[in-house]
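Keep the model open while reading.

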Amino acid sequence: MKKQDTFGERGGAVSATVGVPAQVTAEGRTRHEVARLLLEQGPLTAVAVAEQLGISPTAVRRHLDVLLADNEAEIRNAPRRGPRGRGRPAKLFLLTEQGRARFGQAYDDLAVAAIRFLAEHAGEDAVRAFAERRVAALVEPYRDAVTRAGGPAARAEALAAALTREGYAASARKVGAADAGTGAQLCQHHCPVAHVAAEFPQLCEAETEAFAALLGTHVQRLATIARGDTVCTTHVPGQTSGIDAPTPNGGTTA
């Protein structure tokens, strides 16, 4: 008997899906299974996916529409076989690079191995220099936009917008009394290098120093994802202290 065809159709039947956290909804687990089939067997039609999952093509297409909207899947037309007939060619769905990333990559392990090699053969100073160079390259394209903003709170908002563009899902909110100089709390809800930073805290340290330079004030890191916290949180006081902004090579400008 065919399973229920609603958007969360498979219920607990997919709770053991490999790689899906237990707290993910039935809808999310089913979408993950749709993506997994595209990864393992794609390109596939919606009908082919539906047959393997035991749900309706309509339900599968809803999941595919979400994957397409999130740039995790793309479409190509199936090649015609035999004489050209009427109607549109069948649509084949396959994962994009972004879609494949949901199943994990070996990039983190490679990065950790590379930095370990650097530490063993060139020393901790080389790791520190690498961290500084990396974060300088990250923030340099946004340095003017951030430093033009008036005051630490406004700069924190501009920096949050820049970090979001780089995949850190950042936000900033004002804190403190106006008469003491309004500060801010900068939150990064995602860290693309958290796994690496857990072993090499120099990445977080260099990032904190670069933030201080851009914001024009000493900042305090309250929490980091690399240490097991859910969000990287940086307190930005309301008073500037004249710290210089970083240059692309990891130095500062006067």
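## Helix α6 against helix α10

The crossing of α6 over α10 is right-handed. This is a predicted model. Helix α6 covers residues 124-139 and helix α10 covers residues 202-215. Their axes come within 8 Å and cross at roughly 45°. That angle makes α6 oblique to α10.

Which residues in α6 meet α10? On the α6 side they are E124, V127, R128, F130, A131, E132, R134, V135 and V139. On the α10 side they are Q202, L203, E205, A206, E207, E209, A210 and L214. By class, the α6 contact with α10 has nine nonpolar residues, one polar residue and seven charged residues.

## The largest core

How many residues does the largest nonpolar core have? It has 37. L159, L163 and L215 have the most contacts inside this core. Several elements give it two or more residues: α5 (107-122), α6, α8 (151-165), β4 (183-188), α9 (194-199) and α10. Of these, α10 provides the largest share, eight residues.

L159 shows some of these links. With neighbours within four places in sequence set aside, L159 is in contact with V146, L186, F211, L214 and L215.

## Helix α2 and its partners

Helix α2 spans residues 46-53. Its residues A46, A48, V49, A50 and L53 are buried. Where do the buried residues of α2 pack? Their partners are α1 (26-41), α3 (57-69) and β2 (91-95). Just after α2, G54 takes a positive phi of about 75°.

The packing of α2 on α3 can be set out in more detail. The two helices pack at an angle of about 115°, with axes 8 Å apart. That makes α2 roughly perpendicular to α3. The crossing of α2 and α3 is right-handed. In α2, the residues A46, V47, V49 and A50 meet P57, V60, R61 and L64 of α3. By class, this contact of α2 with α3 has seven nonpolar residues, no polar residues and one charged residue.

N71 is not a glycine, yet N71 has a positive phi of about 60°. N71 sits in the loop between α3 and β1 (73-77). The relative accessible area of N71 is 45%, so N71 counts as partly exposed.

A169 is not a glycine either, and A169 has a positive phi of about 45°. The loop that holds A169 runs between α8 and β3 (170-175). A169 has a relative accessible area of 36%, so A169 is partly exposed.

## The chain as a whole

How many helices and strands does the chain have? There are 10 helices and six strands. The chain has 254 residues, and 41% of them count as buried.

Among contacts between residues at least 6 apart in sequence, 54% join residues at least 24 apart.

Technical notes
Residues numbered from 1 in each chain as written. Predicted model: local features only at pLDDT ≥ 70, side-chain atom pairs only at ≥ 80, totals over all residues. Heavy atoms only, no water. Axes fitted to C-alpha atoms, helices over the stretch in contact; angles between N-to-C directions. Helix = DSSP H or I, 4+ residues; strand = E, 2+ residues; numbered from the N terminus. Parallel < 35°, antiparallel > 145°, perpendicular 65-115°, else oblique. Left-handed = near helix turned anticlockwise from the far one by under 90°. Contact = heavy atoms within 4.5 Å. Nonpolar A, V, L, I, M, F, W, Y, C, P; charged D, E, K, R; others polar. Buried < 20%, exposed > 50% of the residue type's maximum accessible area, 1.4 Å probe, protein only. Core = buried A, V, L, I, M, F, W, Y, C linked by side-chain atoms within 4.5 Å.
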